[in-house]
Amino acid sequence: MSHNNDNDADAAATDTSKPSMDLAKEEFRTILENIDELNLSERIWQLHRTRMRLRRKRRLRRLFERPLTSLEKIFLFVIATCIIPLICAVVVKRTVTDKCLITTPSVMQKVFRPPESCSICRDVQQVDKLAAVDPAIFEQRYAYSGEPVVITDAMMNWTAPEVFSFAFFKKLYHGEKMSSGHCQFFPYKTEFQSLQDVFEISDDRASMEKGAKPWYVGWSNCDDEIGAILREHYQKPYFLPATAETKKTDWIFMGSRGYGAPMHVDNVDHPSWQAQIKGEKLWILEPPRECHYVCKQLTVTVHPGEIIVLDTNRWYHQTKIVSEDISITIGAEYD
């Protein structure tokens, strides 16, 4: 009898548990629906994004508030002194004028100079000296190949050798022309700060009297009136190709024995020619750095009446005046 009663109790408990389980499931489903209605997941995601933004701002604030490391200081210094001036130089040169040369910092020249083909120097054993050159032959072999050459008879009809002198240039660049007639000045190893300083030296130093301090400078002329006067005494070299245009910017270099330009490479647009009006100048030519094992150093002395043709963008070059009298050269680029 008791056994039957126990079975009945178990059955009753089972029957009552089913509604309770169903009720619990229904209540859980309702809770989940309410959670969805509250958009809690979206709110949690928004809170997470806000927290991450605040963390980034705090990191940036700490970054700018802390002292810079040595490496960061060097990086900022390179940008401020090299990259920005280079960009400004390119912009100025393209938008303002093509008459005046803008010098790129030498460090940037070395960093960004593209590698050269050693074909410009591989088979060059010496600097040829030629006369009575056919312009067609000059164009084919020398004009754009990068091989340096000296033409010995290119100034036969020029009056520059008789006219150009220290006194001539001093008179030419008088008054306002002293400061506005040139667009770039190279003092080299002298104490001069401007072309005016050069033309204010004593007569003894200008005429290179014994015991006088030596000097050597260079400048480019950007004054049209002065350029016209200079061209009264020289013409486009006869050996240049008929299609070649010589640039309007004249480059003038002048100085005394023992001085000259240090080893360097230029940053100009085209090859150039330099006419030795007075004095004698020794040229030392080094091949591009990447060609040192396949090319040799070249030397040549350029005498009065001779013109050296050289791509100074590709050949490293150094000059030294070796004559007792003053050295005066004038030149220009050609395309």
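Analyst: Of the 335 residues in the protein chain, 38% count as buried. Buried means under 20% relative accessible area, exposed over 50%, and partly exposed in between, with a 1.4 Å probe and protein chains only. This is a predicted model: local features need pLDDT of at least 70, side-chain atom pairs count only at pLDDT 80 or more, and totals for chains, interfaces and linings use all residues. Numbering runs from 1 along each chain as its sequence is written, and side-chain values use heavy atoms, leaving out hydrogens and water.

The chain has eleven helices and eleven strands. These are DSSP runs numbered from the N terminus: helices (H or I) of at least four residues, strands (E) of at least two. Among contacts with a separation of 6 or more, 79% join residues 24 or more positions apart. Contact here means heavy atoms within 4.5 Å.

Start with the core. The largest nonpolar core holds 44 residues, and Phe138, Phe169, Trp219, Leu230 and Trp273 touch the most other members. Helix α7 (residues 166-172) gives the most to this core, with four residues. Such a core is a set of buried Ala, Val, Leu, Ile, Met, Phe, Trp, Tyr and Cys residues joined through side-chain atoms within 4.5 Å. In soluble globular proteins, nonpolar side chains tend to be buried together.

Phe169 shows the packing in detail. Neighbours within four places in sequence aside, Phe169 is in contact with Phe164, Phe199, Trp219, Leu230, Ile252, Met254 and Ile328. A separate core has 16 residues, including Cys118, Val127, Val300 and Leu310.

Now the rings. One aromatic cluster takes in Phe164, Phe166, Phe168, Phe169, Tyr173, Phe199, Trp215 and Trp219. A pair of aromatic rings is described by the distance of the centres and the angle of the planes. Rings of Phe, Tyr and Trp (its six-membered ring) pair if their centres lie within 6.5 Å; planes under 30 degrees apart are stacked, over 60 edge-to-face, and the rest tilted.

The whole structure has 19 aromatic pairs. One of them joins Phe166 and Phe199, edge-to-face, at 5.4 Å centre to centre with 65° between the planes. Phe166 sits in helix α7 and Phe199 in the loop between α9 (195-198) and α10 (203-206), so this pair ties together parts 33 residues apart in sequence. Phe166 is buried, at 11% relative accessibility. Phe199 is buried too, at 2%.

Phe166 has another ring partner, Trp215: the centres are 5.8 Å apart and the planes at 70°, so this pair is edge-to-face. Trp215 lies in the loop between α10 and β4 (216-221), so its pairing with Phe166 of helix α7 ties together parts 49 residues apart in sequence. Both Phe166 and Trp215 are buried.

The side chains of Glu191 and Lys213 form a salt bridge at 3.6 Å, N to O. Glu191 is partly exposed at 40% relative accessible area, and Lys213 is partly exposed at 48%. A salt bridge is a side-chain nitrogen of Lys or Arg within 4 Å of a carboxyl oxygen of Asp or Glu. The structure holds nine.
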